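Dear colleague,

I am passing on to you the structure we spoke about, together with some notes on what came out of it. Please read the notes with the model open beside you.

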Amino acid sequence: MCHCGPLDAGTAAARPIKSFGAPLMDTVGPMSYCDLNAMLDAAYPKGALSHWKSSFLAQLSDDAIDTMIDRFARSPSPMDQMLLEHLHGAATRVGAGDTAFPHRAAGYNFLVVSEWMDPAQTDRGVAWARDTYAAMAPFMASGRYVNYLDHDEAGDAAAAAYGSNYLRLRELKTKYDPSNFFHMNQNIPPMS
């Protein structure tokens with residue numbers, strides 16, 4: 001868990017979790033944002049191979065959770081992960097048109113990360129990520145998070161990521177980059 005804000009507000013927000021029961025270990029406490037941001041570095045070692053798939057969920061239903069549990073039981077690597085990122089708080093108080101990112105409703109982003117060290121396991125790792133993502137499709141919303149899009153996305157994933165802002169971003173791209181020089185990303189093409 002993470003609370004970004006005044007220390008006293010974070011202490012109050014953590015109190016229900018910290019008082020829930022008798023933990024075997026309690027490592028919850030103040031830390032710098034840089035330390036927080038580096039906490040997962042060891043989970044992504046140099047030389048690791050990975051394949052990520054992600055989409056927002058329409059809702060976090062019991063069926064979605066059951067599917068996640070079933071799919072994780074089939075994970076081929078001990079490095080594989082499934083994450084739920086809770087979108088709430090300040091992120092939901094920004095207008096959909098105020099930034100490029102339009103998905104401002106409270107909810108969850110589902111992320112499946114297949115990760116392995118041995119290149120011989122590539123087909124197996126990619127297949128697990130894709131199959132897991134496909135199994136979760138009935139629970140997904142239309143929105144996507146652009147940072148998690150990859151080269152193998154079906155359809156126009158960038159349009160799903162930018163939603164109602166996509167046309168405005170294409171107009172900006174036409175004005176400032178009509179030749180599409182900056183295209184080595186999840187590209188927003190200029191208008192024809």
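**Helices α3 and α4**

I begin with a pair of helices: α3 and α4 pack at an angle of about 160°, and their axes lie 10 Å apart. That angle makes α3 roughly antiparallel to α4, and the crossing in which α3 passes α4 is right-handed. On the α3 side the contact is made by Ala64, Thr67, Met68, Arg71 and Phe72, and on the α4 side by Trp128, Asp131, Thr132, Ala135 and Met136. Please bear in mind throughout that this is a predicted model.

**The chain as a whole**

The chain has six helices and three strands, and from the N terminus on these elements run in the order α-α-β-α-β-β-α-α-α. Taken along the principal axes, its C-alpha atoms fill a box of roughly 60 × 45 × 35 Å. Of the 192 residues in the chain, 31% are buried. Among the contacts between residues at least 6 apart in sequence, 65% join residues at least 24 apart.

**Each helix of the pair**

Helix α3 comprises the 12 residues 62-73, which at 1.5 Å a residue should span 16 Å, and the 17 Å between its end C-alpha atoms agrees with that. Its buried residues are Ala64, Thr67, Met68 and Arg71, and because they cover an arc of only 100° around the axis, they lie on the same side of α3. An α-helix has 3.6 residues a turn, so residues three or four places apart point the same way. The other side of α3 carries Asp62, Ile69 and Ala73, which are exposed. As for what the buried residues of α3 pack against, the partners are β2 (81-87), β3 (107-116) and α4 (122-136).

Helix α4 has 15 residues and reaches 21 Å from its first C-alpha to its last, close to the 21 Å expected at 1.5 Å a residue. The buried residues here are Gly125, Val126, Trp128, Ala129, Thr132, Tyr133 and Met136, and they line one face of the helix, because, seen down the axis of α4, they fall within an arc of 155°. On the face turned away from that buried side, α4 carries the exposed residues Asp123, Arg124 and Ala134. The cover over the buried residues of α4 includes β1 (49-56), α3, β2 and β3.

**Two residues to look at**

Which residues does Val126 contact, once its neighbours within four places in sequence are left aside? They are His51, Ser114 and Trp116. Val126 is found in helix α4 and has a relative accessibility of 15%, which means that it counts as buried, the cut-off being under 20%. Between Val126 and Met136, which are 10 residues apart in sequence, the C-alpha to C-alpha separation is 16 Å.

The second residue is Asn180, whose place is in the segment after α6 (166-176). Asn180 has a positive phi of about 60° although it is not a glycine. With a relative accessibility of 19%, Asn180 counts as buried, because the limit is under 20%.

Methods:
Residues are numbered from 1 along each chain as its sequence is written. This is a predicted model: local features need pLDDT of at least 70, side-chain atom pairs count only at pLDDT 80 or more; totals for chains, interfaces and linings use all residues. Side-chain values use heavy atoms; hydrogens and water are left out. Helices (H or I, at least four residues) and strands (E, at least two) are DSSP runs, numbered from the N terminus. The expected span of a helix is 1.5 Å times one less than its number of residues. Buried means under 20% relative accessible area, exposed over 50%, partly exposed in between (1.4 Å probe, protein chains only). The arc is that of the directions from the helix axis to the C-beta atoms. Contact means heavy atoms within 4.5 Å. Axes are lines fitted to C-alpha atoms, for helices over the stretch in contact, and angles run from 0 to 180 degrees between N-to-C directions. Angles under 35 degrees count as roughly parallel, over 145 as roughly antiparallel, 65 to 115 as roughly perpendicular and the rest as oblique. A crossing is left-handed if the near helix is turned anticlockwise from the far one by less than a right angle, and right-handed if clockwise.
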